[in-house]
Amino acid sequence: MEVEFMTVDTALLPCMLLLRAMLQLPISSTAKVMYARMLDMIFLSGIEDANGILFIHFPIVELRRHLPVAP
């Protein structure tokens with residue numbers, strides 16, 4: 001299987017992305033928003049490794065602040 005990673009040079013529009021494939025997955029809307037938020041964070045503060053692959057440090061506590069919470 002061929003895998004392609006995003007790098008610093010990957011051009012994106014200035015908005016949050018939600019991949020079309022995500023819309024068809026049997027996961028919650030919250031999971032989809034979480035994915036879009038984390039993808040956004042990669043391009044705001046991603047750390048590039050020696051292979052050009054981007055990583056983020058996004059603590060779960062901080063991620064929770066960005067997600068809707070049921071009362």
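Select Glu48 to begin. At 43% relative accessibility, Glu48 counts as partly exposed; that class lies between buried (under 20% relative accessible area) and exposed (over 50%), with a 1.4 Å probe and protein chains only. This is a predicted model, in which local features need pLDDT of at least 70, side-chain atom pairs count only at pLDDT 80 or more, and totals for chains, interfaces and linings use all residues. Residues are numbered from 1 along each chain as its sequence is written, and side-chain values use heavy atoms, with hydrogens and water left out.

**Stop 1: around Glu48**

Glu48 sits in strand S1, residues 47–48. Strands here are DSSP runs of E with at least two residues, helices are runs of H or I with at least four, and both are numbered from the N terminus. Now show what touches Glu48. Beyond its neighbours within four places in sequence, Glu48 contacts Val8, Ile53 and Leu54. Contact means heavy atoms within 4.5 Å. Next, draw a line from the C-alpha of Glu48 to that of Thr7. The two are 41 residues apart along the chain, and the line reads 7.5 Å.

**Stop 2: Thr7**

Move to Thr7, in the segment before H1. Is Thr7 buried or partly exposed? Thr7 is partly exposed, at 26% relative accessible area. Setting aside neighbours within four places in sequence, its contacts are Phe43, Gly52 and Leu54. Check the C-alpha distance from Thr7 to Phe43: 9.1 Å, across 36 residues of chain.

**Stop 3: the patch at Met1, Val3 and Phe5**

Stay in the segment before helix H1 (20–23), where Phe5 has its place. With Phe5, they form a nonpolar patch on the surface, and together they have about 420 Å² of accessible area. Accessible areas come from the Shrake-Rupley method with a 1.4 Å probe; for residues, only the protein chains shown count as cover. Patch residues have over 30% relative accessible area and no salt bridge; like charges are joined within 9 Å, and nonpolar side chains (Val, Leu, Ile, Met, Phe, Trp, Tyr) within 5 Å. A salt bridge is a side-chain nitrogen of Lys or Arg within 4 Å of a carboxyl oxygen of Asp or Glu.

**Stop 4: helix H2**

Select H2. The helix has 17 residues and reaches 24 Å from first C-alpha to last, close to the 24 Å expected at 1.5 Å a residue. That expected span is 1.5 Å times one less than the number of residues. Which residues of H2 are buried? They are Lys32, Ala36, Arg37, Leu39, Asp40, Met41 and Ile42. Show their partners too: the buried residues of H2 pack against H1, strand S2 (54–55) and helix H3 (60–65).

Zoom in on Lys32, which belongs to H2 (residues 29–45). Lys32 is buried because its relative accessible area is 13%. Apart from neighbours within four places in sequence, Lys32 is in contact with Leu18, Met22, Leu23, Leu25 and Ile27.

**Stop 5: His66**

Go to His66, in the segment after H3. His66 is partly exposed, with 38% relative accessibility.

**Last stop: the whole chain**

Zoom out. There are three helices and two strands, running α-α-β-β-α from the N terminus on. Of the 71 residues, 20% are buried. The accessible surface comes to about 5,900 Å², and 63% of that belongs to carbon and sulfur atoms. Of the contacts with a separation of 6 or more, 44% come from residues 24 or more positions apart.

Finally, colour by pLDDT, the predictor's confidence in each residue, from 0 to 100. The chain mean is 78, and 86% of residues reach 70 or more. Among the elements, S1 has the highest mean (86) and H1 the lowest (78).
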